[in-house]
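The following note is intended for a colleague who is meeting this structure for the first time. Its points are numbered so that each may be checked against the model in turn.

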Amino acid sequence: MSSKIQAVRGTQDMLGVEADRFHAVVAAFDRVRRLYGFQRVEVPMFEPTQVFARSLGETTDVVSKEMYSFEDKGGDSLTLRPEFTAGIARAYISNGWQQHAPLKVAAWGAAFRYERPQKGRFRQFHQLDAEIIGAAEPAADAELIAFAAQLLAELGLADRVTLQLNTLGDAATRAAWRGALVAHFEAHRADLSEESRARLDKNPLRILDSKERQDRPIADAAPAIDDYLSAEASDFFAAVTAGLDAAGVAWTRNARLVRGLDYYRHTAFEFVTDDLGAQGTVLAGGRYDGLIENMGGPGTPAVGWAAGIERLAMLIDEPRGEGPTVALVLESDELNYVGIRLASALRRIQISCEVVSGGSIKKRFDKAKKLDPDYVFTMNDHLLASNQIASLRIKLISSQRKSSHLFDSKIEMMLDENFKVRRPLGSLTSGSDIGLFDKAEH
Ligand code: ATP
Ligand code: MG
């Protein structure tokens, strides 16, 4: 006996509501990015391994442990994208997009990281991504973050996330701060976790956001960046926060916040929630002025963010489809075709309709109730007059529809267009019987 075929660990299959949640996040993203003037951009799902190795930095967790890299049949080393920024930066360089700078772009899709799967952490996950490339001014940071904040607000998450903001300073600031951090951590080397001891030599900033318990007191006592901020870096940060205040975006300072990737400068931020356990960061980003130059392109300031679609999808309320919805119960199998005719006419006027037939009448009504529609339409052939093709009863189920009056007139017009209805227009009320005749009949 062969065992049941399995999905790859850390991948997901989504059905119905779960997939609806996912796409509600994507739909909101696509709506809000237009409000902020971000163009869509599409980049490949895989790139030469160098694109990620060089841009993310060899010492980061992503590059050292998490990349899905493989050799293709031509012997080239390729990597499935672990994030979007590097691929977009590569595209910017390859295509000479600096002619469009400043370039505001948005993308979403799958990303791949070899991580230990758990709640909110997958090996194939999905990200929303927004970047402003070729803009050096702090107003760009503020606009980019305001976009994120509005997206989260439109997803109904304004009260469930907090914007944590920090500055990593300019190159001079960062170098001075890094020196102070190394001195501090060296003094406590023996008490650090093994992982942080390794970071001390390669990427000491990362010790600050270590999740190891033994590292926390040492990290919390580390020197703060504020003592090392150059006047320029300090002015930049002040302009970003002033921009956020002007945009009405609430923020809190988190002086311990660093980004995992080496190329960040100035602004670093995360929107975090308490509602997802250890996977509390739903959206994260910052300024990466050095990246494109590092990758062999022209010196290009840029700022961006990425968000995990699954983490957002878990937080939002269950999305409701756009109403109204109808369950059309056919009480007789003779009515199958006139049922199709009515259902099609409803769908053409943007009313979603599910036809319920088959099984006992009771079963049909139970099934209709389960669909939880706004209206139940019942079609029967009990009281047919001559030339009548069906008798229809319309019942309003949901009292939540604000526009039921408007809806009635829409149905009224639809019935009139598709059937001959012997009753005065405007007389449609919930529960009344309506005789349907063929258009051709007199
Ligand atoms: P974490 O600390 O959770 O590992 P990260 O710093 O590696 O996050 P980024 O590289 O900044 O994450 O990616 C941006 C966002 O993508 C994260 O804030 C998170 O919402 C999401 N994300 C990252 N890795 C995963 C994953 N393996 N599964 C699901 N979502 C993820
Ligand atoms: Mg990670």
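1. In strand β10 (281-287), A284 is the bridge partner of E270. The two strands concerned, β9 (residues 265-272) and β10, run antiparallel and are joined by 6 bridges. Two strands are said to pair if DSSP finds at least two bridges between them; helices (H or I, at least four residues) and strands (E, at least two) are DSSP runs, numbered from the N terminus.

2. The model is a predicted one, in which local features need pLDDT of at least 70 and side-chain atom pairs count only at pLDDT 80 or more, while totals for chains, interfaces and linings use all residues. Residues are numbered from 1 along each chain as its sequence is written, and chains are lettered from A and ligands numbered from 1 in the order in which they are written.

3. β10 also pairs with β11 in the antiparallel sense, over 5 bridges, and G286 stands opposite G304 in β11. Of the 7 residues of β10, 6 are buried, so the strand is largely enclosed by the rest of the structure. Here a residue is buried if 20 or more other C-beta atoms lie within 10 Å of its own, exposed if 12 or fewer, and partly exposed in between, with C-beta atoms placed from the backbone.

4. These strands belong to an open sheet of 8 strands with mixed pairing, in the order β1-β5-β6-β11-β10-β9-β7-β8. Its edge strands, β1 (39-40) and β8 (252-253), each pair on one side only. Within the sheet, β6 and β11 run antiparallel and are joined by 7 bridges; the partner of I132 in β11 is V303.

5. Which residues come nearest to ligand 1? Of the 19 residues around the ligand, they are F125, T281, A284, A306 and G308; a residue counts as near if its C-beta atom, placed from the backbone, lies within 6 Å of the molecule. Two or more residues of this shell come from each of β6 (124-133), β10 (281-287), β11 (302-308) and α11 (309-315). The most are given by β10, with 4 residues. By type, the shell divides into 7 nonpolar, 6 polar and 6 charged residues, where Ala, Val, Leu, Ile, Met, Phe, Trp, Tyr, Cys and Pro count as nonpolar, Asp, Glu, Lys and Arg as charged, and the others, Gly among them, as polar.

6. The largest nonpolar core has 82 residues, of which L144 and A148 touch the most other members. Helix α5 (residues 138-154) gives the most to this core, with 9 residues. Apart from this core lies another, of 27 residues, including L328, L330, L335 and C353. A nonpolar core is a set of buried Ala, Val, Leu, Ile, Met, Phe, Trp, Tyr and Cys residues joined through C-beta atoms within 7 Å.

7. Leaving aside neighbours within four places in sequence, L144 is in contact with A130, I132, V303, G304 and W305. Contact requires that the C-beta atoms of two residues, placed from the backbone, lie within 7 Å.

8. The chain is divided into domain 1 (17-170 + 230-315) and domain 2 (325-437), with bounds that come from an automatic or database domain assignment. Taken over C-alpha atoms, the centres of domain 1 and domain 2 are separated by 49 Å.

9. Strand β3 (residues 68-71) and strand β4 (residues 77-80) pair in the antiparallel sense over 4 bridges, and Y68 stands opposite L80 in β4. The two strands form a hairpin with 5 residues between them, and G75 in the turn has a positive phi of about 90°.

10. F46, in strand β2 (residues 46-48), touches L78, T79, L80 and R81, not counting residues up to four places away in sequence. F46 is partly exposed, with 18 other C-beta atoms within 10 Å.

11. A cis peptide bond, with omega about -5°, joins A101 and P102; P102 lies in the loop between α4 (85-94) and β5 (103-112). Q350, although not a glycine, has a positive phi of about 70° and lies in the loop between α12 (336-348) and β13 (352-356). D372, also a residue other than glycine, has a positive phi near 55° and is found in the loop between α13 (361-370) and β14 (375-380). Are these two residues buried or exposed? Q350 is exposed, with 10 other C-beta atoms within 10 Å, and D372 is exposed, with 10 other C-beta atoms within 10 Å.
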